[in-house]
Amino acid sequence: MKMTCSTLREAAQKAGLLVGSACCPHLIEQDPEYAAILAREFNCITAENCMKPMYLQPQHGCFEFNAADRLCLFAERHQQKIRGHTLAWHQQMPHWLRDARFDKKEALDILDDHIANVVGHFQGRVFCWDVVNEALATNGRWRTDCPWFKMTGPDYVAAAFRAANAADSDALLFYNDYEMELPCLKSDGCLLMLKRFLKEGVPIHGVGFQYHLGVENRLDFNTCVANLKRFGDLGLQVHLTEIDMGIPVPVTEESRAAQAEEFTNRIRIARASGVVSAMVFWGFTDRHSWVPSFTHGKYDEALLFDRGYKPKPAWQAVMNELCR
Ligand code: XIL
């Protein structure tokens, strides 16, 4: 039976899913149309930047929660769940931490202290955290260029989960990464890491697949469904955490249609897997997307609404799949 819904949020709610968007407090405050669409279309939000360590602890021991608190207030006003992003990542670390030479014990103490403060501060407000982001390299082994890894070796990963659990035993704790959509060295390595953590009693509850992938990456349906399932089979929750789909520039009507088609495919993959409980887009409007700058202008129009906030064919495609 087909349901009639007019927003992604309504459709997701009926399907028992979370549909989310990354967002920024200054845009919410400066642009009423941005805020209105964010509130109307999504039952979940995540902080695109303002919960990252360089913003929350810009100076050693000085925490700045103001912007992130404003984001939480918006979410609460609109009955939206909040995904916290992120506690330990090799990028967007504060300079005092990234450029310093702390020994292993000092570094693990700093990690514990950051997580205790941040997770403690948002306790009861943030329902799930990307505790560790992108700890693995393409070959499925540890990413060795991460400052945390340089200071502590791989130990920071499990330590971060333990610290988050100690600070909020109700929060769902996720490992989040990219390039894991298909079976490959990295997704295999991640699966092994997660299995080991579960065996060792590391408090971890979910895995996030970023799904930043250009439109030319036509994902094979069966392969991707099977890949998501093998993570769900571990008993972990699975979220798609940062969905976007850049289109090579110049964008044409054909490539926009292809984007809608591939969004259909990707949402179908998530739904058919039976294990994905949240689908979070990395923003919702092409007016504010990291894709053009990240790809040095090679890709654009990666999201569901255009620069003038009109829903695109991609929005309709996602809508249709959520209504199924
Ligand atoms: C990006 C933000 O979108 C940008 O605004 C910022 O300059 C860099 O970080 N993977 C992640 C996200 O986990 O935190 C990144 O967000 C995109 C890639």
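**Close-up views of the ligand and a salt bridge**

**View 1. Who sits around the ligand?** In this predicted model, 13 residues surround the ligand. The closest are Glu 48, Lys 52, His 85, Asn 133 and Glu 242. Sort the whole shell by type and you get 3 nonpolar, 6 polar and 4 charged residues. As for where the ligand sits, the space it takes is the largest pocket.

**View 2. Zooming in on polar contacts with the ligand.** Start at Lys 52, one of the closest residues: an N or O atom in the Lys 52 side chain is 2.8 Å from an oxygen atom of the ligand. Next, look for Trp 282, where a polar side-chain atom lies 2.9 Å from a ligand oxygen. How much of the ligand does the protein cover? On its own, the ligand has 410 Å² of accessible area, and the protein covers 81% of that.

View 3. Side chains of opposite charge can pair when their charged atoms come close. Here the partners are Asp 69 and Arg 125, which form a salt bridge with their closest N and O atoms 3.6 Å apart. Asp 69 belongs to helix α5 (residues 66–77). Arg 125, meanwhile, is in the loop between α7 (104–121) and β4 (126–133). The two residues are 56 residues apart, so to speak on distant parts of the chain, and this pair links them. Searching the whole structure turns up 20 salt bridges.

Conventions
Residues are numbered from 1 along each chain as its sequence is written. This is a predicted model: local features need pLDDT of at least 70, side-chain atom pairs count only at pLDDT 80 or more; totals for chains, interfaces and linings use all residues. Side-chain values use heavy atoms; hydrogens and water are left out. A residue is near a molecule or strand if one of its heavy atoms lies within 4 Å of it. A polar contact is a pair of N or O atoms within 3.5 Å; within protein, one must be able to donate a hydrogen and the other to accept it, and residues adjacent in sequence count only if both atoms are side-chain atoms. Accessible areas come from the Shrake-Rupley method with a 1.4 Å probe; for residues, only the protein chains shown count as cover. On a 1 Å grid over the protein atoms alone, a cavity is a set of points where a 1.4 Å probe fits but cannot get out, and a pocket is an open set with protein on both sides within 12 Å along at least five of seven lines; lining residues have an atom within 4 Å of a point. A molecule sits in a cavity or pocket if more than half of its atoms lie within 2 Å of its grid points. Ala, Val, Leu, Ile, Met, Phe, Trp, Tyr, Cys and Pro count as nonpolar, Asp, Glu, Lys and Arg as charged, and the others, Gly among them, as polar. A salt bridge is a side-chain nitrogen of Lys or Arg within 4 Å of a carboxyl oxygen of Asp or Glu. Helices (H or I, at least four residues) and strands (E, at least two) are DSSP runs, numbered from the N terminus.
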